[in-house]
Amino acid sequence: MFELIANDLRSKGYSIQKDALPPRLISELLNVFASIPSEALKQAGIGRANDLQANHEIRRDEIAWIESTQGGAAAQWLEFSAQLQQHLNRSLMLGLFSFESHFAHYAPGAFYKTHLDAFKGQANRILSVVLYLNPEWGPEDGGEMILYCDRGTGTILETVKPQGGTLAVFLSEDFPHEVRPAKRHRYSIAGWYRVNMSNTLRVDPPA
Ligand code: OGA
Ligand code: MN
């Protein structure tokens, strides 16, 4: 499957894979998320921490960052992402250096309006990944991720149903995307591979 993802990235810049991880791991990840106390979940931000109003108009999910110290299924997810990183670095020379990811919960009605995960030029987020965790998801449940060709034309490249086990991978700078309002509780993991932007004055990403 890593080779399929590499080929898709090479030819079109994104890849959608169904049943990318074993159902057992998906349900364990959902259990890990469910065991996080609600006080530990944070209203997700958009990089303008002081503008809570603007933030609320753009995205309404709540998140919890994933650490390898959480062990169990969380560590297995990070292991999977490390293997994907290694494969893509070898086959596409992407120079991916580090990975960060968080659980995300969209309550009914929550959405994330069209955005890019990185901005051209200044970005060190190279590749975005999203893994879906809901065991069942019907067409009437909403919450699709729409991948757009570019902001100007609004051409839809892909409508991704957030069905447990589906993995979406795309170049962070190239694909505007949105999460349509979900009608049920929607659970996913969003992650980003970054390149190393360190120089002698700055350590980035922080060690
Ligand atoms: C994000 C994001 C998509 C999804 O968190 O940046 O775009 O389908 N998530 O959850
Ligand atoms: Mn995004």
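Me: Which protein donors hold positions around the manganese ion (ligand 2), and how far from it do they lie?

Reply: Donors are N, O and S atoms within 2.8 Å of the metal (3.2 Å for Na, K and Ca), and water is not among the atoms, so sites may look incomplete. Here they are His115 (NE2), Asp117 (OD) and His177 (NE2), at 2.1 to 2.2 Å. Along the chain, their spacing reads H-x1-D-x59-H.

Me: What should I know about the model and its numbering?

Reply: This is a predicted model, where local features need pLDDT of at least 70 and side-chain atom pairs pLDDT 80 or more, while totals for chains, interfaces and linings use all residues. Residues count from 1 along each chain as written, chains are lettered from A and ligands numbered from 1 in written order, and side-chain values use heavy atoms, without hydrogens and water.

Me: Are His115 and Asp117 buried or exposed?

Reply: Buried means under 20% relative accessible area, exposed over 50%, partly exposed in between (1.4 Å probe, protein chains only). Both His115 and Asp117 are buried.

Me: Which side chains have polar atoms close to an oxygen atom of ligand 1?

Reply: A polar contact is a pair of N or O atoms within 3.5 Å. For Arg186 the distance to a ligand 1 oxygen is 2.8 Å, for His177 it's 2.9 Å, and for His115 it's 3.2 Å. Taken alone, ligand 1 exposes 300 Å², and the protein buries 98% of that; such areas come from the Shrake-Rupley method with a 1.4 Å probe.

Methods:
Polar contact = N/O pair within 3.5 Å; in protein donor to acceptor, adjacent residues only side chain to side chain.
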